[in-house]
Amino acid sequence: MKKGHRALVGACAALATLAFAGTALATYAPKLVVSSTGGAGLGGPTRIGVVVGTSDDPTARTTIYVPTGYTVATPSPGTDLGKVTATASAADLGGAVLPLTGELDAIAPNPTTQAQAQACGVTPTQTWDLHLSAAGQTLDIPLFVVAPLAPETALGFVDKLVVCLPPPDVPVNTPGRAVFGAKLLSATFTSSAITQPTNPGDYRWTSLFTPYVPTKGQPNAAGSVEVQSLRHLPAKVTLGVTRRRVVTHRTVKVRGKKVKKAVVSTAVSFRTAVTENGQPAGSATVTVTARGKKVGTTKGSFTMTGVKSATLTATAAIDAGSSVPTGTPTSPADLFFHDLGPSGCVPTPLFQGLPCTDATQGGETARVSVVVRAYTK
């Protein structure tokens, strides 16, 4: 067995042994959400989110495994990869939840990030920076891109994204303590360097989350859990339209005489279907509009009179039951997801029995438009 393989298997076995030795898993229930930007097609940048409960233990380390089908580019240092939003509870501010905003940047390694990578136990191929600001303070959290080991590659992982966070709940003035005593609760970032697959398919992201031992500043290997996020690509909505010529008559006066005049209108019927990788979507809400007005949902009908045409648009919010918190009111720009719970998990054998506690499906917004021509005579 190769040295890297032995080290990985040994570490996972140790974690599994500790996990079964007993830790209150109910105190740590993170979620991973993976989606896209700019619509529900194939290709394009990837959007990633994480959520941890407010009462959960603070997170020490997160490793997100990028599955085969996705590509990870190597952008030049200084490249802005995308926007970041996050929330954190600040112990030093009475537990207030702070909204953080910023950007994800590709940066050149420096002595600080190299020391952070060493403390995190990784040798990165790239260093990205979550550059955030809140309450007048700037926070820089390195995100390391790490090449997978042979057994990870064999399972279809093309890269790893690793983040190690400072402990927030150790005494003030403890070296390495998080600024404000801030405990991460959620984060969403877009990376133009991670491109969605161009081929239809089912893709499963997975991750390992390790919490801290509360108030000790030491990673709690026994509390490590696996969480996953599913992508069924492409997610799309289709719109089928039929139209029928309708003639009615009304009585009008022409030169003082009553005459019957034919009025031609168009009866339009429509039906939609929402699919993910060609299969019916498990969760979707559809709205259909014509000329800016809602005319139905998954199916319906309306009548066109006195116009030459109308654009019929079906908009599907797919897997959009919940959203990753941003610290501000929910908006359409948020990262939405459908929570599948533990039943959506498929435990990864490589992790040697660590519990897989949650799976999600990242939300999408899909649209399709059809121009309907009216009968005029």
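So, what pattern do the disulfides of this chain follow, with bonded cysteines counted along the chain? They go 1-2, 3-4. Keep in mind that we're looking at a predicted model here.

There are two disulfides in the structure. Let's take Cys 120 and Cys 164, which are joined with an S to S distance of 1.9 Å. That link is right-handed, with 75° about the S-S bond. Cys 120 sits in helix H2, residues 111-120, and Cys 164 sits in strand S9, residues 157-164, so the bond ties together parts that are 44 residues apart in sequence. Now, are these two buried or exposed? Cys 120 is buried, at 6% relative accessible area, while Cys 164 is partly exposed, at 24%.

On to the other pair, Cys 345 and Cys 356, whose sulfur atoms are 2.4 Å apart. The torsion about this S-S bond is about -75°, so we call the disulfide left-handed. Cys 345 is in the loop between strands S22 (336-339) and S23 (356-362), and Cys 356 is in S23 itself, so this pair ties together parts 11 residues apart in sequence. Both Cys 345 and Cys 356 are buried.

Okay, now a sheet. Four strands make up an open one, in the order S18-S17-S20-S24, with antiparallel pairing. S18 (293-296) and S24 (364-373) are at the edges with a single partner strand each, so one side of each has no neighbour in the sheet. From one strand to the next, the twist averages 30°.

And who partners S24? Strand S20, residues 309-318, pairs with S24 in the antiparallel sense over 10 bridges.

Notes
Residues numbered from 1 in each chain as written. Predicted model: local features only at pLDDT ≥ 70, side-chain atom pairs only at ≥ 80, totals over all residues. Heavy atoms only, no water. Pairing = 2+ DSSP bridges. Helix = DSSP H or I, 4+ residues; strand = E, 2+ residues; numbered from the N terminus. Axes fitted to C-alpha atoms, helices over the stretch in contact; angles between N-to-C directions. Disulfide = S-S within 2.5 Å. Buried < 20%, exposed > 50% of the residue type's maximum accessible area, 1.4 Å probe, protein only.
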